[in-house]
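Hello,

My notes on it follow below.

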Amino acid sequence: MSSSPAVGVSLANVISISVSATPTGLGIPNVNTILLASKEARPAGWAQSKVFGIYKDAAAVAADCGSESEAAAIADAVFAQNPNMLLTNGYLVIAPRIAAVAAKKTIQDILYTAIVAEEDGDDITIAYTTGATHGAEVVSVAGSAVSVQIASGVSTATEVLAALTAYNVAHPTALLPVSFSITGTAGTAQVAVSATHLAGGVDIESIADCIARIAPKVFFFGILIDEEVVDLAGLSTYVQTLDKVLAYASSDVSELDPGEALDLLRTALKTNTRGLYYGMTAKPWIFAAAYLGRALSADFDGGQVGTMNLKQLVGIDPDTTIDDTVLLAAKTAGVDVYPYVQGVQEVLTSGANAYWDQVYCRYWLKFALQVAGFNYLAGTLFKIPQTESGMDGMKDAYRQVLVKALANGYAAPGSWQSSTTFGSPVDLRRCVAEIGYYVYSTPVALQSSTDRADRKAPLVQIALKEAGAIHSAAVAVIVNP
């Protein structure tokens with residue numbers, strides 16, 4: 001006889017086991033990431049289907065884009081900072097702006113014929129550039145070259161002719177003939193733009209269109225560009241609708257003046273665009289790259305958040321164009337600068353358009369709370385009851401984020417000075433003073449029948465005290481002889 005036991009019926013008839021893995025949660029989006037929306041040509045070595053590249057060192061950017069490219073210079077500035085975003089697994093996304101669809105932007109397709117006294121029929125070829133205000137087209141002459149700066153998609157032949165005529169009146173000894181006539185397309189007709197119409201090459205998509213095209217494909221928080229823009233107000237308005245931050249630098253000191261481009265960021269509350277001034281170069285975007293590379297370096301999980309005030313930027317010369325007058329204008333406009341301070345170069349910040357760390361940390365907090373709430377809901381194999389017990393679990397998930405905000409120095413206990421309160425005002429002020437935050441949810445019994453039927457959680461409200469930062473000090477000394 002065999003000594004092995006009979007198999008018999010399945011053990012599952014007595015004990016049934018099911019092994020399930022814990023649902024995987026989301027990670028907090030890495031805010032230490034940057035998009036460069038580049039006006040430069042697409043790297044020749046990229047595959048045809050590749051629309052962006054992700055980089056973690058400047059050498060790789062130089063290899064792909066060329067060592068003399070703007071992208072390489074920007075990458076050098078970003079990755080040279082200490083600390084920088086590499087410490088938290090950050091990266092630089094480079095996305096060349098693609099050729100615009102012809103219908104998006106139009107200019108006049110006209111041949112201008114100059115009629116010179118005593119010599120008929122001399123043809124002048126006009127080189128088009130963009131950037132002028134409609135009705136204020138700008139003519140310039142360099143040797144035998146004539147260019148007209150137009151308003152893209154708006155300027156007509158009649159308006160360009162008026163600009164040429166006005167130039168003649170203002171410059172009677174210039175190369176241009178005394179009078180003009182136009183042959184070719186009628187004065188108000190427009191056709192799609194082509195490469196030959198624009199000085200410098202093919203027209204490309206707008207910065208906003210580039211951002212919108214890349215955002216669904218790869219996450220980034222910071223935004224850099226490699227040119228100064230004519231319509232900063234329009235671009236900053238778009239960026240303000242995003243959970244992202246644009247670092248924009250200008251080398252034009254007049255843009256600090258009241259009502260000018262950088263000052264308008266402050267007056268329009270465009271806190272998502274960080275206004276910077278750097279007057280030492282015609283390429284201030286390199287300063288913006290260094291600034292953002294240094295700024296996006298906080299380790300929210302295990303380190304301490306910082307402020308940009310009195311920080312040094314690797315590889316950036318101090319801005320010797322800044323004196324006390326310019327500094328006052330920058331502070332008033334809410335613009336950060338990089339001057340000498342008693343012989344030492346330091347970033348000086350202004351809170352007139354909010355401080356960098358306020359904007360930065362608030363977005364981290366938003367992302368972290370979103371993920372915590374989602375992971376609480378998605379992290380169970382069973383339903384979360386629509387009861388106070390279920391809400392306690394959700395509030396605990398949010399509290400874990402707030403504890404982290406205390407640990408990394410973003411938040412701290414303090415006095416609640418806002419007139420806005422919720423829940424128990426006494427508990428709110430006590431909790432904020434003792435631990436730095438207060439979490440309250442509307443009682444489940446008070447939620448509407450519609451929200452209950454839709455399985456919505458009651459509103460959760462959080463009061464958090466920001467730690468702030470010390471940027472300057474005053475000392476009073478009393479001497480007793």
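**Charges and overall fold**

Glu 228, Asp 252, Asp 257 and Glu 260 form a negative surface patch. Patch residues have over 30% relative accessible area and no salt bridge, with like charges joined within 9 Å. A salt bridge is a side-chain nitrogen of Lys or Arg within 4 Å of a carboxyl oxygen of Asp or Glu. Asp and Glu count as negative, Lys and Arg as positive; His and the chain ends are not counted. A charge is placed at NZ of Lys, CZ of Arg, CG of Asp or CD of Glu.

This is a predicted model: local features need pLDDT of at least 70, side-chain atom pairs pLDDT 80 or more, while totals for chains, interfaces and linings use all residues. Numbering runs from 1 along each chain as its sequence is written, and side-chain values use heavy atoms, without hydrogens and water.

Asp 252 sits in the loop between strand 13 (245–250) and helix 6 (261–267). Asp 252 counts as partly exposed because its relative accessibility is 34% (buried is under 20%, exposed over 50%, partly exposed in between; 1.4 Å probe, protein chains only).

Now Asp 336. Its loop runs between helix 8 (324–333) and strand 15 (340–341). Asp 336 is buried but has no salt bridge. Arg 274, the nearest side chain of opposite charge, is 5.4 Å away. Beyond four places in sequence, Asp 336 has contacts (heavy atoms within 4.5 Å) that include Tyr 277, Phe 287 and Ser 350.

Overall, 40% of the protein's 481 residues count as buried.

Best regards

Definitions and conventions:
Patches are made of residues with over 30% relative accessible area and no salt bridge: like charges are joined within 9 Å, nonpolar side chains (Val, Leu, Ile, Met, Phe, Trp, Tyr) within 5 Å. Accessible areas come from the Shrake-Rupley method with a 1.4 Å probe; for residues, only the protein chains shown count as cover. Helices (H or I, at least four residues) and strands (E, at least two) are DSSP runs, numbered from the N terminus.
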